[in-house]
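Hello,

Here is the structure I said I would pass on. My notes on it follow below.

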Amino acid sequence: MKKSLLHSLVFFIPFLLFSQGREEGFVKTDTIGKQKKIKLIAIPIAFYTPETQFGVGGGGQLFLLNNTNKYNQRLSNILFSGIYTTAGQIMFNITPQVYLGKGDYFIDAEYLFEIYPNSFWGIGPETPEGNEELYDQTTHKLKLSFLKRLPPDLNFGFTYNFANHQVTEIQEGGLLDSGGILGADRTVISGLGAEFNLDTRTNTSSPTDGQLFEIGAHFSSEILGATHSFNKFTLDLRNYEPLGDRSTLATQIYIENNYGDVPFQGMAFFGGSSSARGYFYGRFLDKNMYVVQAEYRYRLKPRWSLAAFGLIGSVAGDASDLLKFNSVKPGFGGGVRFKVLKEQNTWLRLDIGSGKDGQSGIYFGVNEAF
């Protein structure tokens, strides 16, 4: 589906640890030589979301120990996985994140291949539940970003986005069969973009202090091979406020605006395990979206945490309609987290969320939602 599927939906327990460094807690090996350069964690994968049902698979994370961001001690790594779900979905994903020049430059990339049966209710904030129809889609997706660090905590760079969405089966007589939905047969997204962010978070897995302010502008153009030309603008504002030694209040404001001939695959998708827990990912979609959410996190024990969250949000064809009262979609819920390894900041997450009109979801994944 997108990068957050792996970062937010995957539950994993390391079963084979190959350490090429000196960190305690990992099996040490000299098979590569005395100078240790890499560490590989091989992982089985199991998760559950409303969109995929149960998923299983395998993958791993390769850490490049000699490529570290000296400013925040984050390691370069390559995350990869292959997944099959009980909803009949097949996904393969590889996500390299590499620091160059000791952190002055950053390469952030992702390749995704998926065969994905999914549900579609139409476009807009008030699509009825009875509209649901099934469709199958095969996707190849590539994102490549190159960012330059601007001291002390700013990053700026350029992005290339490519996606080929081939709709292979639709419901006869349904909305996608009507001819009125852009992308109902095939969509190619291809274009350049720019990203700018300020990142002072203590870490990216489970921040307890700091901020992330990120602005993105992405353009899909027929000149570069796209089937539709449109522009996407995103704003992501996050704050993490420590409340004493054990508590953190995390808040996020996310806004997405699309302009032009936007196929439904390129629209803003409301729901999912990250931005709007309690709603099926893509239950509502349109050109514009906002989500405001807050989460209180309490460290019960060194390796156990509890969380409670609430949110509001909506989608709309016109940005001016986003705040209409009757289209606002609230959500709330809570969950528990468990730290996998004492020396590594990776957390397993179980959340239960509820939304408007009986919407609900169980989310079994890794690391915080935001």
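How many bridges join strand β16 to strand β17, and in which sense do the two strands run? Please bear in mind that this is a predicted model. Strand β16 covers residues 288–301 and strand β17 covers residues 304–316; the two run antiparallel and are joined by 13 bridges. Together they form a hairpin, with 2 residues between the strands. One of the pairings is that of Y290 with S314 in β17.

Strand β17 also pairs with β18, which spans residues 329–341. This second pairing is antiparallel too, over 10 bridges. Within it, A308 is found opposite G334 of β18.

Next, the surface. L150, F156, F158, F196 and I215 make up a nonpolar patch there, and their accessible area together is about 460 Å². Of these residues, F196 belongs to strand β10, residues 186–199. F196 counts as partly exposed because its relative accessibility is 33%, which lies between the limits of 20% and 50%.

Last, R201. This residue sits in the loop between β10 and β11, the latter being residues 210–220. With a relative accessible area of 14%, R201 falls under the 20% limit and is therefore buried. Its side chain makes a polar contact of 3.0 Å with the side chain of D199. Leaving aside residues up to four places away in sequence, R201 touches R74, P207, D209, G210, Q211, L212, R238 and Y240.

Regards

Conventions:
Residues numbered from 1 in each chain as written. Predicted model: local features only at pLDDT ≥ 70, side-chain atom pairs only at ≥ 80, totals over all residues. Heavy atoms only, no water. Patch = residues over 30% accessible without salt bridge, like charges linked within 9 Å, V, L, I, M, F, W, Y side chains within 5 Å. Areas by Shrake-Rupley, 256 points an atom, 1.4 Å probe, with all protein chains shown as cover. Salt bridge = Lys/Arg side-chain N within 4 Å of Asp/Glu carboxyl O. Helix = DSSP H or I, 4+ residues; strand = E, 2+ residues; numbered from the N terminus. Buried < 20%, exposed > 50% of the residue type's maximum accessible area, 1.4 Å probe, protein only. Polar contact = N/O pair within 3.5 Å; in protein donor to acceptor, adjacent residues only side chain to side chain. Contact = heavy atoms within 4.5 Å. Pairing = 2+ DSSP bridges.
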